[in-house]
Amino acid sequence: MARFFLLALLAWWTVGFTVHPLNGEFIGASFLHLINLPFHEAGHILFSPFGGFMTAFGGSLMQLLIPLVCVISFIRREDGFAAAVCAWWAGQNLIDLAPYIADARALQLVLLGGHTGAEVEGHDWEAILTSLGWLGYDRTLGNAAHWIGALTMVGAIGVAGWITLGLRKQASGLRAGQGDSPQESGPRPRGWARS
């Protein structure tokens, strides 16, 4: 039951984020932005020894790496549900970054210090896209990040729901005394399936 509640919450958040593409105010005001922000800021520090480009890019990179490392960790532990939830988080981080990417030319997004990029020396994605020669594609890349993130979130909910329903069917079959195959004579010992 707890898994279904979590999936309903993730679906509600997914709809909310998806229908507000590139809306920095909406996304920045979300509870999840407050979770993602420390990882972003830590990435700047962690990648600072690798030069100016990686210092700027490291924040966004770390924001994506943390949930992806969690996905890999849960896959290695054979916990597909938790891995799917972390994949959802990775998609949400792409949506979190999308307004920032799309703001590289306009510099109107309010940054951590309370000023816009135009009021200070710019921001990460202005520096990143300028150095790559891609500044003119800021909105295109921001939209791509948003929609890839949204599709990732929807796919992750689908996988987590499929896993949850599959485990529920297995558990109800075992309660009814059915085994996995006709040769089995009874239920498996308790605790054989993840819940």
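Predicted model: local features only at pLDDT ≥ 70, side-chain atom pairs only at ≥ 80, totals over all residues.
By buried I mean a relative accessible area under 20%. With that cut-off, the buried residues of helix α1 are Arg 3, Leu 7, Leu 10, Thr 14, Gly 16, Phe 17 and Thr 18. An α-helix has 3.6 residues a turn, so residues three or four places apart point the same way. Keep that in mind when you look at the list. As for the length of α1, 17 residues at 1.5 Å each should span 24 Å, and the end C-alpha atoms are 24 Å apart, so the two agree.

The overall layout, then. The chain has 7 helices and 0 strands, which along the sequence reads α-α-α-α-α-α-α. It has 195 residues, and 38% of them are buried. If you take contacts between residues at least 6 apart in sequence, 61% join residues at least 24 apart.

Leaving out residues up to four places away in sequence, Leu 111 touches Tyr 100, Thr 116, Gly 117, Val 120, Gly 122 and His 123. For one of those, Gly 122, the C-alpha separation from Leu 111 is 9.7 Å, at 11 residues along the sequence.

The loop between α5 and α6 also holds Leu 107. Most residues other than glycine have a negative phi. Leu 107 has a positive phi of about 55°, and at 12% relative accessibility it counts as buried. Glu 78 also has a positive phi, near 60°. Glu 78 lies in the loop between α4 and α5 and is exposed, with a relative accessible area of 62%. On your own screen, those are two backbone positions to check.

Now the charged pairs. How many salt bridges are there? The count comes to 1. Arg 105 pairs with Asp 138, and their closest N and O atoms are 2.6 Å apart. The pair links distant parts of the chain, since Arg 105 is in the loop between α5 and α6 while Asp 138 is in helix α7, 33 residues apart. Arg 105 is partly exposed at 47% relative accessible area, whereas Asp 138 is buried at 1%.

Last, Ser 60, in helix α4, which covers residues 52–76. Ser 60 counts as buried because its relative accessibility is 2%, under the 20% cut-off. What does Ser 60 touch, not counting residues up to four places away in sequence? The answer is His 40, Leu 97 and Trp 125. His 40 is 20 residues from Ser 60 along the chain, and their C-alpha atoms are separated by 5.7 Å.

That is what I have for today.

Terms used
Residues numbered from 1 in each chain as written. Heavy atoms only, no water. Helix = DSSP H or I, 4+ residues; strand = E, 2+ residues; numbered from the N terminus. Expected span 1.5 Å × (residues − 1). Buried < 20%, exposed > 50% of the residue type's maximum accessible area, 1.4 Å probe, protein only. Salt bridge = Lys/Arg side-chain N within 4 Å of Asp/Glu carboxyl O. Contact = heavy atoms within 4.5 Å.
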